[in-house]
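Here is a short briefing for a first look at this structure. Keep the sequence and the 3D view open as you read.

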Amino acid sequence: LAANKRIHEQKCLHHSGLSRHSLAASAQHKTASQQPATGGALNTPPRKGTMALINEAGSVVTQMLDGLVSAVPHLNRLDGFPEIKVVFNQDSQTKTGNQVAVISGGGAGHEPAHAGFVGEGMLTAAVCGDVFASPSTAAVLAALRHVTGPAGTLLIVKNYTGDRLHFGIAAEKAKAEGLKVELVVVGDDCALPGKGIAGRRGIAGTVFVHKVAGAAAAAGATLEQVLAEAESAAAAVGSVGLATRACTLPGAKPSDRIKAGSMEMGLGIHGEPGAATSDVVPVNRAVAQMLDMIVGRSSSAGGSELPHLKLGEGAPVALLVNSLGATTQMELMIAARTALTHARSSLKVDVQRLFVGHFMTALDMAGLSLSLLDLSAAKALTERLDAPTQAPGWPSHSGVVNLSKAPAPIPRGPIKSPADSDASASIGTSGPDAPSTTDSQAGSGGAGAAGGVGNEVLQGCIKAAAEAVAAAVEELDEMDSRVGDGDCGTTLGLAAAGILQDLKSYPWGDAAAVVAAVV
């Protein structure tokens, strides 16, 4: 058995690119430089101070996967908990048909990756480890045995030592059993040097490779063709992450590694320290720095040692804006708006596809990552992104960027003129009871005055009321915070500011029209 293990390890060297020293020292998921600052997976009960809504910390992955397969009809799992955590597409025909299977995986904590991308058109199966820990060789081999048919299987592996080791050995064992297996490694992190033993990390850009390979397999491509398309996508994608708060492992106390008011550029999806730390800046500047780092234009991008994405002017690209866990939809959309603008105006590239959401997270990390995929690197890349998939973690829309889309005009309701108002008021009234317009009423103080500002009394009342509200914003917010969300004053203050700004444009000749315009 020991001799056989050495043979498999030697074969695995070809796939992993690791030195013998690195292989012997790789019992854990990552090298020391890749370990999260907050530690590894936990198997202890929740401790005081944890903010996670969980039961036991040691059961978070299995309970999560049980919930996932219950919620998504086409998903199922192998009966091997807790050691074997494999989610697969139970509708897949790869075992008996001529379709290539696609498998990926890694440590948990990156949801929806990896199990959320299982479905026709993406992954056939996902192999899950404990939180931030690589799945075992036995788990990967179980997945290979379950889904691999005559057409073979492609393994998509992020560039971490444990993942390359375990997926690589499992691939060699599967080949020894007669299964057709190929492997592609993704390292898209542009914040790290591409040379050296470890190379750059695999982060959110890996999801593009999942989509391309899965769509190629669903279209009937051979294993060799699926491998070639996956390799093209892996070589054409670059990513950079940024966070303002580190992640917290289940059952652990929140980390304070990233100090309040600071942000880290280029950190990893396990909490690995970033390439640079600075004060928090507006998202416009942060996003511009991230995109510049991907293409090698940033002064903090590390010079020529970093493997930047080479994009020519007008190059067609797909842009992925990914939450690292705690980032809100509001923040993501603001970042997406900025990224789209900077990519077009400064990088001079053609953003043809835009995807925004949670793709590859880091538990509850507050931050985001940006990924660019060069669609000109292979002819079929755009077609593969557009292909349908039933994977629950991939957006249901196509992501097509429509630059010709313009805001629709605001519909206006009917606004009566002063003459119309006078006429309607006198309908059905005649003789001595009919209203009359005198010279004094037509003056500046009359409700029926036409033209000019007029009606100083009404204008003064509205102006005084708006100014009073504007002056009481902080007091109103403080009062509201005792019973609500504390924004009553801010909301009313915005309304007051709008009224004061529009004061001179109101139809002061008609009091009813003025009130309608204000409200």
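Predicted model: local features only at pLDDT ≥ 70, side-chain atom pairs only at ≥ 80, totals over all residues.

Helix H6 (residues 206–218) packs with helix H7, and helix H8 (residues 283–295) packs with helix H9 (residues 329–345).

- In general, the strands of a sheet pair through backbone hydrogen bonds, either parallel or antiparallel.
- Strand E2 (residues 86–89) and strand E4 (residues 125–131) pair in the antiparallel sense.
- Three bridges join E2 and E4.
- Val-87 has Ala-126 in E4 as its bridge partner.

**A helix across the sheet**

**Helices H6 and H7**
- The axes of H6 and H7 come within 9 Å and cross at roughly 160 degrees.
- Angles over 145 degrees count as roughly antiparallel, so H6 is roughly antiparallel to H7.
- The crossing is right-handed.
- H6 brings Val-209, Val-212, Ala-213, Ala-216 and Ala-217 to the contact.
- H7 meets them with Val-226, Glu-229, Ala-230, Ala-233 and Ala-234.
- By class, the residues of this contact are nine nonpolar, no polar and one charged.

**Helices H8 and H9**
- The axes of H8 and H9 come within 9 Å and cross at roughly 55 degrees.
- That angle makes H8 oblique to H9.
- H8 passes H9 in a right-handed crossing.
- On the H8 side, the contact is made by Val-283, Asn-284, Val-287, Ala-288, Leu-291 and Asp-292.
- On the H9 side, Ile-334, Ala-335, Thr-338, Ala-339, His-342 and Ala-343 take part.
- The residues of the H8 and H9 contact divide into eight nonpolar, three polar and one charged.

Technical notes: Residues numbered from 1 in each chain as written. Heavy atoms only, no water. Axes fitted to C-alpha atoms, helices over the stretch in contact; angles between N-to-C directions. Helix = DSSP H or I, 4+ residues; strand = E, 2+ residues; numbered from the N terminus. Parallel < 35°, antiparallel > 145°, perpendicular 65-115°, else oblique. Left-handed = near helix turned anticlockwise from the far one by under 90°. Contact = heavy atoms within 4.5 Å. Nonpolar A, V, L, I, M, F, W, Y, C, P; charged D, E, K, R; others polar. Pairing = 2+ DSSP bridges.
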